[in-house]
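Take a moment to look over the structure below. Then let us walk through it step by step.

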Amino acid sequence: MPPTSKALRQLIAVLYLHGIRTWRYKYSFINSSLNTMLWITIFLLGVIMFVPEHELPVVAPQVFWGIALWNLISYTVIYVSGWTTWFLVTTGLVEEHLLHGLSVPMLLAGRLVTVIAEAAIATPLVYLVLRGVAGPMKLVDNPLLLVYGLATAEAMALGYALLLATLALRLSIPGPMLDITNFILFIVGGIAAPVARLPGPLRTVALLTPYSHAAELIRYAATGAKPYLGTWSEILISGALGAALLLTAHAVYKLVESKHLRRYGVRGVGRM
Amino acid sequence: MPSSFLDVVAAEFYAFTRFYKNNRAMMVAAFIWPYLMVLILLGLGYLFGSPKQYAERMGVSNPVFFIISASTVAMSSTFILDDVANYTLYNRWNGTLPYILLTPMRLPKQLLAASLPSTLVSPAISVSSALPAALYFEGLRGAGIIAGLYAVIVLGMLPLAGLAVLIAGLVLTAKEETNIASSITPFLLLVSGVFYPVTVLPRALQLVAAAVPVKYVVDIARAMASTGSATHRVFTAIYALTLLAFAYNALAAPLLGAVEKRVKRYAPY
């Protein structure tokens, strides 16, 4: 079978697997979506208390997209890297895939089916709550750019999640526990607030954080707030960073697979 | 020799402490989590608005200290709901659930015993993690308030005990991979107005809040951090918590037998 055809068949199988798995555990899935929405709402209402009422129409969409993006990013990391240790390794599926010559990263990337489906349920619900508090607001100005921004942010998150998953396979430590940057980057990494709003040194940190470039595009596409480095620069930087992170993750996994997994096997059978 | 309830509680305490001993990273995470919640809320608050605005709306003197107290409540006051449900799932994954169900002790009592270590120890971890910040911002008064919060949080758990056992039964019979009722925890926190006044919520949710024990725990935390006199508000909340403890457990008691029967008949091992 030609390699392209094999990869395509595997992609279809992976999508089918994650689709059917989400359906099989539908109550867990619905519960998880509600869980996400409720936690976000708790924080959102808390943040709104800091904002003077006359500034709400401007600030509310920015807060909404910041939190929606962070939700997408952090759930990608949790669902991909966490699932590696808590499910894939425990059930012995890594060895099974290696023996059949199938791609473990592709199997892990399939978790995006669940992540995206969950975001599709939770995000509109969060909007409804926010609208109830802040009143009606315009959320999308340029849909195409918004999709591009979200897609590049998701590519970066997936690349990072696959790197953590690979480290988890090598070190036997659950991926999310290795993710110490999640909360800090949300605030100082230009995800929560526009880069221009951050104080001097944090602005530099934000510009060095890959997610900030996608976030700037999303805010521009949603509210018209001009990106700090200009629209075209941010389009190019986001796309390049998304691709670079995915390629790096793939290369690191291949290295760990050949130098470690195929030689010494997968550690971490059992829950503890 | 049949085991007494206290024997089972002691065994559960042993298992709980061993778990933390073998998972030190979990222990560290439990200490750090309240600060992460504070970081997010304050970070966003400072970026988009001002803490003065927050203090005025919430009627508290020190918003940072109040958010630390509220995060401690948020982290620990609903442990009982999650931990009892996760206890059953965890034992199912490990294959030890059949042994638990076969012990002579009634299942609700067993689940209650299993919930006690987490109910007492988890809030203690959250409170200890908040102590340094409380000392820094409010001195000894702050440390006293945080220590007092521990007692209030434990009191707030009592009304939830029966509900927790019912949820654990539901989770076991649902045949799913995770705790399908885990969204109850953030829902209770949402209607309790943990970081905001409940008046911002729709009217229906405000009515629900009146029957949620966590709301009264949050009320006490807010009263303790408020600018005015707090005694009346604290005693009203304690009174409400005591009433709810009796009401909820009296309502849950007749259902527990039915839950046990259903679990033993349908629970997948």
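**Where the chains meet**

Start with the contact between the chains: 37 residues of chain B touch 31 residues of chain A. This is a predicted model. Helix α2(B) makes the largest contribution, with 10 residues. What kinds of residues make up the side of chain B that touches chain A? They divide into 24 nonpolar, 10 polar and 3 charged.

How far does the predictor trust this model? The complex receives an ipTM of 0.84 and a pTM of 0.80. Chain B has an average pLDDT of 82. In that chain, 96% of the residues score at least 70. Where pLDDT is low, the predicted coordinates should not be read in detail.

Now go inside. The largest nonpolar core holds 161 residues. Those with the most contacts inside it are Leu44(A), Leu69(A), Ala153(A), Val84(B), Ala164(B) and Ile167(B). Helix α3 of chain A, residues 56-89, gives the most to this core: 18 residues.

Pick out Ile167(B). Which residues does Ile167(B) contact, leaving aside neighbours within four places in sequence? They are Leu81(B), Val84(B), Ala85(B), Ala181(B) and Ile184(B). Val84(B) is also listed among the core residues with the most contacts.

Next, find Ile125(B). It sits in helix α7 of chain B, which covers residues 107-157. Is Ile125(B) buried or exposed? Ile125(B) is buried, because 21 other C-beta atoms lie within 10 Å, and 20 or more is enough to count as buried. Beyond its neighbours within four places in sequence, Ile125(B) is in contact with Ala30(B) and Phe31(B). Ile125(B) and Phe31(B) are 94 residues apart along the chain, yet 6.6 Å separates their C-alpha atoms.

Finish in chain A, with helix α6. This helix runs over residues 112-134, 23 residues in total. At 1.5 Å a residue, helix α6(A) should span 33 Å. Its end C-alpha atoms are 31 Å apart, so the two values agree. Which residues of α6(A) are buried? The list is Leu112(A), Thr114(A), Val115(A), Glu118(A), Ala119(A), Ala122(A), Thr123(A), Val126(A), Val129(A) and Leu130(A). Keep a general rule in mind as you read that list. An α-helix has 3.6 residues a turn, so residues three or four places apart point the same way. Just after α6(A) comes Gly135(A), with a positive phi of about 85°.

How values were computed: Residues numbered from 1 in each chain as written. Chains lettered and ligands numbered in written order. Predicted model: local features only at pLDDT ≥ 70, side-chain atom pairs only at ≥ 80, totals over all residues. Core = buried A, V, L, I, M, F, W, Y, C linked by C-beta atoms within 7 Å. Buried ≥ 20, exposed ≤ 12 C-beta atoms within 10 Å, placed from the backbone. Helix = DSSP H or I, 4+ residues; strand = E, 2+ residues; numbered from the N terminus. Contact = placed C-beta atoms within 7 Å. Nonpolar A, V, L, I, M, F, W, Y, C, P; charged D, E, K, R; others polar. Expected span 1.5 Å × (residues − 1). pLDDT = per-residue confidence, 0-100.
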